[in-house]
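Open the model in your viewer and keep the sequence panel beside it. The stops below say what to select and what is there.

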Amino acid sequence: GLTFFYAVTYFFWYYSVTTEQYSSAIFQTLLLVWFAFEWEDDPTDRRLLAMSFISGTMLANMLTTLFILPPVLYLIFTRRPDIFRRPKLIFKTVAAGIFPVLSYLFVYIRGAQHPEWRGAGAWASTAEWFWQFVSTRQGRDELAPGLSLHNLITPEYPSLIWGELTWLVLLGGLAGWLLLGKRKAIFFYGTLVIYLFFTTAYRFGNWFQVILPLYPLIVLGFGATLAAAIRRWRTVAQWVVAALLVALIGWRAVRSVDELRAHRHNTAADTALDAGWAVLADAPPDADISPAFEEWLALEYLTVIWRADPPIVLKKPGTPAEYITRSAAIAHPALIDPAAYPQAVGGTLIRLSSAPLTELPPDVTPANLDFGGEMTLRGFRVTRGGSLVTLFWSAQKGMATDYTISVRLWYNGTLLANEQRTFIQDHQPVWNIYPTGRWRLGEIVPDAYTFDLPPAVSPDALQIVVYHPVGDGFENIGVQMLPLKN
């Protein structure tokens, strides 16, 4: 019951389902406490080495977790002062503590082998990057603002402590430590003093990373208080304790969900995979694709973890491929071979074909619309409920002007619009990478336009406008209407 109560507190719930390392820090802290109490009952060398190894994983993970180490050393050295006369054992414990930190050697080696994995930033050497990596600038920036002597009590600190645990659990936990015996009481209260000193100094920064492991220690003390009540009043106390735990769990869970602070499922910010889904929606099977970095991250997850369809050959950002994304074309313009024939594929992909398209695909509606004697609309395709429009163009002659194409959605004889916007999209062909001045005679140029349509809304006609800037204004070389069939 106490475990369930702690699990639905805001801090633990939130940080155990997001990409933070705090839940692992809590696990390491509790594991160390468990081994320390086991060692109290049976002080073997093997348990001592296990505690040292766990401390090493804490050192490799998050330094603030080691605040509990002085109280642990108190338990060890007051029980077994003879350890100082055993240099071989001391050497083994130091080695066990250092061993987990060797994991950073792997990080250094892989960072040297793959500089593109280091993240955003510029470093003169691998050593400079590695030092910034292990020194965690983000952590320092979050902690530093707390160094102040004013506003000792804020709406967050320490108010959130009893707001999270309730006064009943907090005071019951502090009292319960006394019931565990003198040595364990000194251990717990010593840990509390160290934690409170740090969190008070950094109460305007990232103080909660230290409070997170303290909460379960308080809950353990509360458990000792409940156990003492049951021993004294037996059956009646058992029912009271059971009802109390159910009430605490229910109250805390409902409050956490209602405040929308701990519930992280399907939130509006869960958009990291959208870029990958957009690419897969356009991709033909087995296409080799060069995406932008954010798209690459999403596609790595979708293709490796989810095995999403269609299967593709995913290239690293900046690597040449037959298909690139719109974002990759902006980030890596050198990928666009001047000899290629760019073709828009859906709303995201661009095919850098080595040969021109000379015939309309079978699912394209043919057309023959002239625009100023310069270019001809050969056909069009409207899919995804009107949200994706693909036009198929050809040049009537070599063009000296780079024209812009505007696609406008119409419904019931007027421009489609809602309260926020009209549905118009303008750009040069193939997402601005294949201007009309580069078109070659005889080729068909697929050119795509996308619209974020509201639900249950679709156009019944397209207006196509081809124009170019003239002085302070614009000159249209052609305006055509295309009625759409259902």
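Leaving aside its neighbours within four places in sequence, which residues is Thr126 in contact with? Select Thr126 and show its surroundings: the contacts are Tyr108, Gly111, Ala112 and Arg118, where contact means heavy atoms within 4.5 Å.

Before going on, note that this is a predicted model, in which local features need pLDDT of at least 70 and side-chain atom pairs count only at pLDDT 80 or more, while totals for chains, interfaces and linings use all residues. Residues are numbered from 1 along each chain as its sequence is written, and side-chain values use heavy atoms, with hydrogens and water left out.

Thr126 belongs to helix α8, residues 126-135. Helices (H or I, at least four residues) and strands (E, at least two) are DSSP runs, numbered from the N terminus. Thr126 counts as buried because its relative accessibility is 16%; buried means under 20% relative accessible area, exposed over 50%, and partly exposed in between, with a 1.4 Å probe and protein chains only.

Next, select Ala7, in helix α1 (residues 2-7). Ala7 has a relative accessible area of 28%, so Ala7 is partly exposed. Apart from neighbours within four places in sequence, Ala7 is in contact with Phe12 and Trp13.

Then show helix α3 (residues 22-41) together with helix α5 (residues 69-79). They pack at an angle of about 10°, and their axes are 11 Å apart. Axes are lines fitted to C-alpha atoms, for helices over the stretch in contact, and angles run from 0 to 180 degrees between N-to-C directions. The two helices, α3 and α5, are therefore roughly parallel to each other; the term covers angles under 35 degrees. On the α3 side, the contact is made by Leu32, Ala36, Phe37, Trp39 and Glu40, and on the α5 side by Leu69, Val72, Leu75, Ile76 and Arg79. These residues divide into eight nonpolar, no polar and two charged. Here Ala, Val, Leu, Ile, Met, Phe, Trp, Tyr, Cys and Pro count as nonpolar, Asp, Glu, Lys and Arg as charged, and the others, Gly among them, as polar.

Move on to Met51. Not counting residues up to four places away in sequence, Met51 touches Leu32, Phe35, Ala36, Trp39, Val72 and Ile76. Met51 is also among the residues with the most contacts inside the largest nonpolar core, which has 54 residues. Such a core is a set of buried Ala, Val, Leu, Ile, Met, Phe, Trp, Tyr and Cys residues joined through side-chain atoms within 4.5 Å. Helix α12 (208-258) gives the most to this core, with 14 residues.

Turn to the sheets. One is open, with five strands in the order β2-β1-β3-β5-β4 and mixed pairing; two strands pair if DSSP finds at least two bridges between them. Its edge strands are β2 (313-314) and β4 (341-345). Select β3 (residues 323-325) and β5 (residues 349-353), which run antiparallel and are joined by three bridges. Thr325 stands opposite Leu349.

Finally, select the open sheet of four strands, β6-β7-β8-β12, with antiparallel pairing. The twist averages 30° from one strand to the next. Within this sheet, β7 (residues 375-383) and β8 (residues 388-395) pair over eight bridges, and Met375 has Ala395 as its bridge partner.

How values were computed. Angles under 35 degrees count as roughly parallel, over 145 as roughly antiparallel, 65 to 115 as roughly perpendicular and the rest as oblique.
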